Amino acid sequence: MKQLLFVVMAVFLSTAVSAETWTETEAKLVFTGMDINLYEGPERGAAKKKIISSDNFPSKIWYLETSKNRMHHIRLGAEDEAVWVKGARVKLPEIEGVVAIQCERNANKATGFSGRGLGNRSQCKGK
Amino acid sequence: MGFKNIAKVLLLSATLTGCVTTSDLPFIGAYDTSDKEGRFVELYQFSDLTYTFDEEKIETDRRVMIRDSKGLIPDDNLAEYAQSILDRIVQTGPNTPLKPKVHIIASVAPGAYTMPSGDIFIHHSIFDYSDNEDQIAFILAHEYSHALIQHNRSDIIDKLRPYIVTALDIAVSQTDSDDQTKKALKVYGTDLITRDLLMPVWERKKEDEADRLGIDLMVAAGYNPNESIKALSHVKAYDDTFEAIHPVERNALEKALLKNDTSDAEIKKFNLGSLTAKFLVEFQNAFGNRHPDPQERMKKVFLYIEREYEDAGYRELSHLDFNRAVFQSEEILNKYKKSHDLELILVNEENISTAKFAEITSSARWTVTGSTVDHAYTRQAFAKLRARQGRFDLALQNLDLTSNDDGFLPGLMEKNRIDWLERTGEAEKAYARVKEVGNYYEWPLRFYPDAIRLGQRVGTKKEVSAYKLECTLKYPQSRDLCQ
């Protein structure tokens, strides 16, 4: 009985992994005002399939996967062809998660206080 | 008011001195060379620079960092891992005698600093908000770049301040402004204008340079430069989320002016006449933007990568060692998170029920067990909880159980110790401690009010007068706090 269950589970899992599951998700541009290149593949030298202006990039896209060099495999619309886009240009908050940036309320220092820092605005919201 | 004239005279006189070049001048329009083709590491003449080691300076820097923070993490795992990344960057970078060391400061906010000695301090939160080694590599490479290019604030101040101050004095005397404005300017002083208003302009240029060289260095070390955008987005998120408060220390005036806040409270805080405040706002506007906007900065970095390193942007990201290091230090990171949550509760909740106190006390006890038993970060939160419960004796005990540096805790903890000693009727001990701590940390502003107040209670008039005078001379812009 246990063996049968294992076989059923194995078949179920392998099907789930191999099937292409496109998910509609929110897309946010990392910065605006620049065209976005859409590529045929995630690898170096992949041909550009399309260039889209940031104004025309949809706020919701269809997502399949992210490559090991952070290229997202997406479709701009459910019926559009699949393309790859750089993760440095497009954020997918529901997929990548949102990093909660904290504030050290009582510390007297923050970025850029003493030596040269990563940034230069600092400090927490005063209460 | 002749602000354009002031700017012109400033630029002209600085150039005419022959001691500075246009590339040293502030980032104003035509002087912005960040779009110049080519890799920064290849264009920059590192051979023109002299790097010197100063053991004493390294120790002073380390002490300053501890003084102004919640302490270093007394655990080697994360520091050794970060050091291995930096070593890789240093090895493949320009050949210099620099051997920077990485220290991990306990702080949940994003942050990283390079001290003039070349040592790098990063906040432990980098391991919370990064998700691969490439992002950490950018932060370290960026910081190391500041050391490589010698972005040492004191160097620039030493080199340029006399010329700027002289130029400003001339410019002000030649403007057609009325006598009141001139008087107001004298009250604030052109020297302080230079420090609070002009130096931040230089910082923008320095950050741009360090961004570009940082990219060069991380690529040479084998990392994917596109992850720098992800790392910078944390800075942007930090900027977006939190407003600036106004500590009466460096750049405080500039921060107030950023908000265009010339309300009575602000003017009083900085000892400014309303006329001076208005003048400074206009002066600041004449010099344009002070800080790099994170969005613009990310865009610049991205364009630089696309132009110089498009191929490297396809490299696989490095997760393995990062995940291992974070996993090994999971206990510390989790306990620090809990300590931070605890502090937030103490700050945000005015009325804490008995049941809630019992719950958070139990959490606080957990944070000071195991490998974090003597960490400043966890002990500090527990101590604050005890102080909130009115148990200053137990709060002080927590400080005594913290691992220390030459017998001294971070400045903020020592300040708490002085306060709690005073509250438990130990004014003489508190006074003795503020003197010891003040001397050890070379008297930052925050210890003077304690020394003056306690001196008035248990010290001599002579001592109090000396503290007042010393404080006023050292921190003239904050002299209200020296009374």
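## A loop residue between two chains

B:Val108 touches A:Gln102, A:Cys103, A:Glu104, B:His124, B:Ser125, B:His340 and B:Tyr377, leaving out residues up to four places away in sequence. Contact here means heavy atoms within 4.5 Å. B:Val108 sits in the loop between strand E1 (102-105) and strand E2 (112-114) of chain B. Strands (E, at least two residues) and helices (H or I, at least four) are DSSP runs, numbered from the N terminus.

B:Val108 counts as buried because its relative accessible area is 5%. Buried means under 20% relative accessible area, exposed over 50%, and partly exposed in between (1.4 Å probe, protein chains only). B:His123 is 15 residues away along the chain, with 7.0 Å between the two C-alpha atoms.

## How the model is read

This is a predicted model: local features need pLDDT of at least 70, side-chain atom pairs count only at pLDDT 80 or more, and totals for chains, interfaces and linings use all residues. Residues are numbered from 1 along each chain as its sequence is written, chains are lettered from A and ligands numbered from 1 in the order in which they are written, and side-chain values use heavy atoms, without hydrogens and water.

## Strand E3 of chain B

Two strands pair if DSSP finds at least two bridges between them. E1(B) runs parallel to E3(B), with 4 bridges. B:Val102 stands opposite B:Ile120. E2(B) is antiparallel to E3(B), over 3 bridges. Here B:Tyr113 faces B:Phe121. The hairpin of E2(B) and E3(B) has 5 residues between the strands, and B:Gly118 takes a positive phi near 105°.

In a regular strand, side chains alternate between the two faces of the sheet. Which residues cover the faces of E3(B)? B:Ile120 and B:Ile122 lie on one side, B:Phe121 and B:His123 on the other, and all are buried.

## Asp211 in helix H9

B:Asp211 lies in helix H9 (residues 190-220) of chain B. At 2% relative accessibility, B:Asp211 is buried. Beyond its neighbours within four places in sequence, B:Asp211 contacts B:Phe138, B:His142, B:Arg297 and B:Val301.

## Helix H21

The buried residues of H21(B) include B:Ala427, B:Tyr431 and B:Val434. They pack against helices H3, H20, H22 and H23 of chain B. After H21(B) comes B:Glu442, with a positive phi near 55°.
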